[in-house]
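Biologist: I'd like to learn how to read a model like this one. Can we go through it together?

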Amino acid sequence: MKRNAFFDNARVLLIFLVVFGHMLQPLIDGSRGLHTLYIWIYTFHMPAFVLLSGFFAKGSGDKGYIMKLAKKLLLPYFIFQVLYTLFYFLLGKESWQTGLFDPQWSLWFLFSLFSWHLLLILFRKMPVGLGIVLSVVIGLIVGYFDDIGHTFSLSRTFVFFPFFLIGFWLTEKQILQVKRKSVKATSLVIMVGLAAALYYAPDFNSGWLLASKSYIDLGMEDYGGLARLFVYITAAIMVTSILAWVPTKSLGWVTSLGGRTLYVYLLHGFLIQFFRQADLFEVNNIVELLGIAGLSASIVIVLSSRPILGIWQPFIEGKATIIKNTLREI
């Protein structure tokens, strides 16, 4: 598939928001503004990431793709599961002990991404509408089972799968419909309106957006399915609104970072967890907030740099072409 700058720009924006959101999380208590910003970001950034992952899964189902997928996703998952466990132990985190299939922090995405590709084997054989509706129904139902949670990333796998499936079925032309002027104008009202609603509404449990807890844990055992349906609708609208403002033209080196988001995703946790453990930052004004945003952008840039890619490529991609090519140049 020929690279389209729009999709790389979208992935750069989203990985920045992943890092920025993780930087903000320990700082939101006691600040309604920061809490609103954090929740606002989480209404769309992972659903959008999942949707784009589904869009780029068009080749799923080819002969031998499962083994290739296991090498691409499960091998780095197991490697980083061990690395993060050791890192947490060295940091002295109480939660460092976990099972091999109980993903450490952000590693759930790798396990879920592998599972979504497997689910496609079944769902791609269904009529589009039926498959999407069924995936939503499953996502609503799993919340009623308290045993479905972090292990094997089952809860997030089923809850986020509708976005992956929608992304799989969407064409490039259909996605780029979000660039229409009418959509962009409406999106401004939606984004500002949601921010205002989150600011003035009672405290909203971020667990609804993380998709890893049951309705019992979220305090809505009876009507959790209805609440999650509302979250689905909100996420879909917000994903559309955000993508409407993603540039379609290449932004040079910034756009090129869109092909390296997996590195940032896997590696930024080491920095974030160190910052949290050391309690290095606080935000008391707009200048400090901009500083956190600037640091988040710097993390994305550094972790996307060629030296970092060269060091970590064997662990993430299972090859060392960057190092070999660098040595040849020397």
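Modeller: Let's start with a meeting of two helices: Leu262, Tyr263, Leu266 and Leu267 in α13 meet Ile308, Leu309, Trp312, Gln313 and Ile316 in α15. Here, contact means heavy atoms within 4.5 Å, and helices are DSSP runs (H or I, at least four residues) numbered from the N terminus. By class, this contact has eight nonpolar residues, one polar and no charged ones. Ala, Val, Leu, Ile, Met, Phe, Trp, Tyr, Cys and Pro count as nonpolar, Asp, Glu, Lys and Arg as charged, and the others, Gly among them, as polar.

Before we go on, this is a predicted model: local features need pLDDT of at least 70, side-chain atom pairs count only at pLDDT 80 or more, and totals for chains, interfaces and linings use all residues. Residues are numbered from 1 along each chain as its sequence is written, and side-chain values use heavy atoms, with hydrogens and water left out.

Biologist: How do I describe the way α13 and α15 cross?

Modeller: Two packed helices are described by the angle between their axes and the distance between the axes. The axes of α13 (residues 261-278) and α15 (residues 306-316) come within 11 Å and cross at roughly 85°. Axes are lines fitted to C-alpha atoms, for helices over the stretch in contact, with angles from 0 to 180 degrees between N-to-C directions. So α13 and α15 are roughly perpendicular (65 to 115 degrees; under 35 is roughly parallel, over 145 roughly antiparallel and the rest oblique).

Biologist: Is glutamine 81 buried or exposed?

Modeller: Buried means under 20% relative accessible area, exposed over 50%, partly exposed in between (1.4 Å probe, protein chains only). Glutamine 81 counts as buried because its relative accessibility is 2%. You'll find glutamine 81 in helix α4 (residues 65-91). Not counting residues up to four places away in sequence, glutamine 81 touches several residues, including Thr98, Asp102 and Leu107.

Biologist: And where is arginine 228?

Modeller: Arginine 228 sits in helix α11 (residues 224-243), and with 1% relative accessibility it counts as buried. Leaving aside neighbours within four places in sequence, the contacts of arginine 228 include Gly139, Val159, Trp208 and Tyr215. The C-alpha atoms of arginine 228 and valine 136 are separated by 9.8 Å, though these residues are 92 apart along the chain.

Biologist: What about the protein chain as a whole?

Modeller: Buried residues make up 47% of its 330 residues. Along its principal axes, the C-alpha trace of the protein chain spans about 60 × 50 × 45 Å.
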